[in-house]
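Trainee: Hi! Could you walk me through a structure today?
Mentor: Happy to. Let me bring it up.
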Amino acid sequence: MISRTQRRMTNQRLIILEELWNMKTHPTADELYAAVRQRMPRISLGTVYRNLQTLAVDGKIRMLKDSGRMRFDSSLHDHYHVRCLSCGRVDDMPESAVKGLRENMSEKTDYRIVGFRVEFVGICPDCGNLGKEVAIEEETLNDFKILEDDTE
Ligand SMILES: [Zn+2]
Ligand SMILES: [Zn+2]
């Protein structure tokens, strides 16, 4: 019986992990499947998904459960995200943009801060540059405090 920590890294799983490392957009299983299939044409979406779950359970990747559809992150260090409301891609916020946020929280509240979940939302450069009408669903508007819209 192979224990959790000693689980063998299969070639399949390694390729999935490599492709995830290469993608900075925190892909969904579907998106990752499309990339992995270039290298392993016979792999199925189900296999990719199962391997992603295993990698997450083993702590090698993270699942982003709150970003609409389930997305996957290969960065294990603490960081913040910004999500595009149009295409759904998720990028890491530059460290400099959020510098001191955690420290400030500890200083300015009586809570002992033990973790965080912060997500900024917006329109990514790709979607913005397409010049297309970007519609944000009303449901989404209720979910977030939307900053002033200067597109109108
Ligand atoms: Zn976008
Ligand atoms: Zn990330």
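Trainee: OK, what is the mean pLDDT of the chain?
Mentor: The mean is 84, and 84% of the residues reach 70 or more.

Trainee: And which elements have the lowest and highest mean pLDDT?
Mentor: Helix H6 (residues 138-143) has the lowest, at 70, while H2 has the highest, at 96. Where pLDDT is low, the predicted coordinates should not be read in detail.

Trainee: Got it. On to H1: which of its residues are buried?
Mentor: Arg13, Ile16, Glu19 and Leu20 are the buried ones. Their arc around the axis is only 125 degrees, so they lie on the same side of H1.

Trainee: Why would residues three or four places apart point the same way?
Mentor: Because an α-helix has 3.6 residues a turn.

Trainee: What's exposed on the other side of H1?
Mentor: There you'll find Asn11, Leu14, Trp21 and Asn22 exposed.

Trainee: And what covers the buried residues?
Mentor: The cover for H1's buried residues includes helix H2 (29-39), helix H3 (45-57) and strand E2 (71-73).

Trainee: New topic: how many residues are in the largest nonpolar core?
Mentor: It has 11, including Ile16, Leu20, Tyr33, Val48, Ile61 and Phe72. H1, H2 and H3 are the elements that each give two or more residues to this core.

Trainee: Which one gives the largest share?
Mentor: H2 does, with four residues.

Trainee: Last one: what does Ile61 touch?
Mentor: Apart from neighbours within four places in sequence, Ile61 is in contact with Leu20, Leu52, Leu55, Ala56, Phe72, Asp73 and Ser74.

Technical notes: Residues are numbered from 1 along each chain as its sequence is written. Chains are lettered from A and ligands numbered from 1 in the order in which they are written. This is a predicted model: local features need pLDDT of at least 70, side-chain atom pairs count only at pLDDT 80 or more; totals for chains, interfaces and linings use all residues. A residue is buried if 20 or more other C-beta atoms lie within 10 Å of its own, exposed if 12 or fewer, and partly exposed in between; C-beta atoms are placed from the backbone. The arc is that of the directions from the helix axis to the C-beta atoms. Two residues are in contact if their C-beta atoms, placed from the backbone, lie within 7 Å. A nonpolar core is a set of buried Ala, Val, Leu, Ile, Met, Phe, Trp, Tyr and Cys residues joined through C-beta atoms within 7 Å. pLDDT is the predictor's confidence in each residue, from 0 to 100.
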